[in-house]
Amino acid sequence: KLYRVQIKGTNTPKQGGSYRIRTTTDTPKNYDHINRRRYIPLGKEHADIAACYIEQIGTWYLVPTSAITSASMTFFPTNPNSCAKYEKYLNNWNIFS
C-alpha cells in the first residue's frame with residue numbers, strides 16, 4: 001500500500017518537557033474578523049499519516065491524520081506516565097502494516 005506522509009518536527013521543548021508541533025496546512029482557510037489567518041488542520045485530504053519527529057529525544061510519533069483535530073499536537077516523550085491524547089502514537093510503526 002502507498003501512504004501519503006507529512007513529515008513534521010521540532011527540537012525545542014516547551015515548559016514542563018512537552019513538545020508542540022503545528023499540524024496545519026500552509027494555506028489559510030479564510031480570515032476572521034480581525035484579519036488573522038485561520039489554517040486548515042492537516043486532514044485526510046492532505047495526507048494519511050503525520051510523522052512527527054522529536055529531534056532532541058530522537059523519537060517519532062506516527063499519527064493518522066484522522067486523529068488530528070486541532071492546529072497543533074502536544075507530545076510528552078519524556079513522561080512515561082503521560083495519558084495525553086497522542087501518546088499512543090509514540091513509535092507507532094505498525095501503522096504501516
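1. The accessible surface of the chain comes to about 6,300 Å², and carbon and sulfur atoms hold 48% of that area. These values are computed from a predicted model.

2. The chain has 97 residues, and 34% of them are buried.

3. The secondary structure is quickly listed. There are seven strands and zero helices. Read from the N terminus, the order of elements is β-β-β-β-β-β-β.

4. Strand E2 covers residues 19-22, and strand E7 covers residues 72-75. The two pair in the antiparallel sense, over four bridges. Within this part of the structure, Ile21 stands opposite Met73 of E7.

5. Strand E7 has two faces. Met73 and Phe75 make up the covered face, whereas Ser72 and Thr74 are on the uncovered one.

6. Where does Ser18 sit? Its place is in the loop between strand E1 (5-10) and strand E2 (19-22). Is Ser18 buried or exposed? Ser18 has a relative accessible area of 8%. Buried means under 20%, so Ser18 counts as buried.

7. Which residues does Ser18 touch, leaving out those up to four places away in sequence? They are Pro13, Thr74, Phe75 and Phe76. Two of these names have come up already: Phe75 belongs to the covered face of E7, and Thr74 to the uncovered face.

Conventions: Residues numbered from 1 in each chain as written. Predicted model: local features only at pLDDT ≥ 70, side-chain atom pairs only at ≥ 80, totals over all residues. Heavy atoms only, no water. Buried < 20%, exposed > 50% of the residue type's maximum accessible area, 1.4 Å probe, protein only. Contact = heavy atoms within 4.5 Å. Pairing = 2+ DSSP bridges. Areas by Shrake-Rupley, 256 points an atom, 1.4 Å probe, with all protein chains shown as cover.
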